[in-house]
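Student: Before we discuss any packing, could you show me the model that we are going to read together?

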Amino acid sequence: MVLTADITLPEESELTVEEVNLSTATLRAGSFHLGKYCEQANNEFMLCRFEEKDPRKCINEGKAVTACTLEFFRKVKKTCLAEFNQYTNCIDKSSGDFGLQHCRKTQGVFDGCMLEKLHMERPEFGYFTEVRVHSTNRPKPLVEEKAVYPDTTPALPDDAERKPARFGSRFYWMTE
C-alpha cells in the first residue's frame, strides 16, 4: 500500500486502548474459553478485515475484541482465580513449548470451575474448525470496479503499407 495525500491515518487517541498484558501461558490456559466467549466480536473483526482489506476501517471492531478479552479475564479472576493460576503455572513449568498435554488434571479442575461458576463449557475438540455463518449489522462494502484502460497503441489498419525492417530481421541470429 502506498501512502499518498489522499490517505488519512488515524490519530493516536483512536488507536490507544487498554492492553492485555498477560503471559503466553496465561493466554494459552484461557484460550479455549476465551475463543468461545469472544467469538462474536472476533468474527466481526475478521469479517471486517477480510471485506474491507484496510485495517484502518476496522479499528472499532478491534477495540471490541480487546474489550471482550479484558472482560473475560476479569470474570475469570473474580470467579476461578486459584484454579486458573494452577493451570497456568502447570502450562508454564511443565514443558518448554507451553504444551497442554502434561496439564490435563489441572485443566479438568479449571474447566469444572468455569462450568460451575460461569456456566461456560469448554468447547469440544474441533469446535473452532467448524463452518459457521456469521450475521452482521455492518453494511457490505462496495466492490470497486477494476480500472479498464484503453489500448494505448492502436493497431495499424490492415491496408497500411508495411515496409521491411531497415536493418534486417529482429532475430539477428537468423540473418547473415
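Tutor: The chain has a radius of gyration of 29 Å, whereas a compact globule of 176 residues would have one near 16 Å; the radius is taken over C-alpha atoms, and the globule rule is 2.2 Å times the number of residues to the power 0.38. This is a predicted model, in which local features need pLDDT of at least 70 and side-chain atom pairs count only at pLDDT 80 or more, while totals for chains, interfaces and linings use all residues. Residues are numbered from 1 along each chain as its sequence is written, and side-chain values use heavy atoms, with hydrogens and water left out.

Student: What does the C-alpha trace of the chain span along its principal axes?

Tutor: The trace spans about 90 × 40 × 35 Å.

Student: How many helices and strands are there in the chain?

Tutor: Helices (H or I, at least four residues) and strands (E, at least two) are DSSP runs, numbered from the N terminus; the chain has six helices and zero strands.

Student: At what angle do H2 and H4 pack?

Tutor: Two packed helices are described by the angle between their axes and the distance between the axes. Helix H2 (residues 24-37) packs against helix H4 (residues 59-79) at about 110°, with the axes 10 Å apart; axes are lines fitted to C-alpha atoms, for helices over the stretch in contact, and angles run from 0 to 180 degrees between N-to-C directions. H2 is therefore roughly perpendicular to H4, a term for angles of 65 to 115 degrees.

Student: Which residues in H2 meet H4?

Tutor: Contact means heavy atoms within 4.5 Å; Thr26, Leu27, Gly30, His33, Leu34 and Tyr37 in H2 meet residues of H4 including Phe72 and Phe73.

Technical notes. Parallel < 35°, antiparallel > 145°, perpendicular 65-115°, else oblique.
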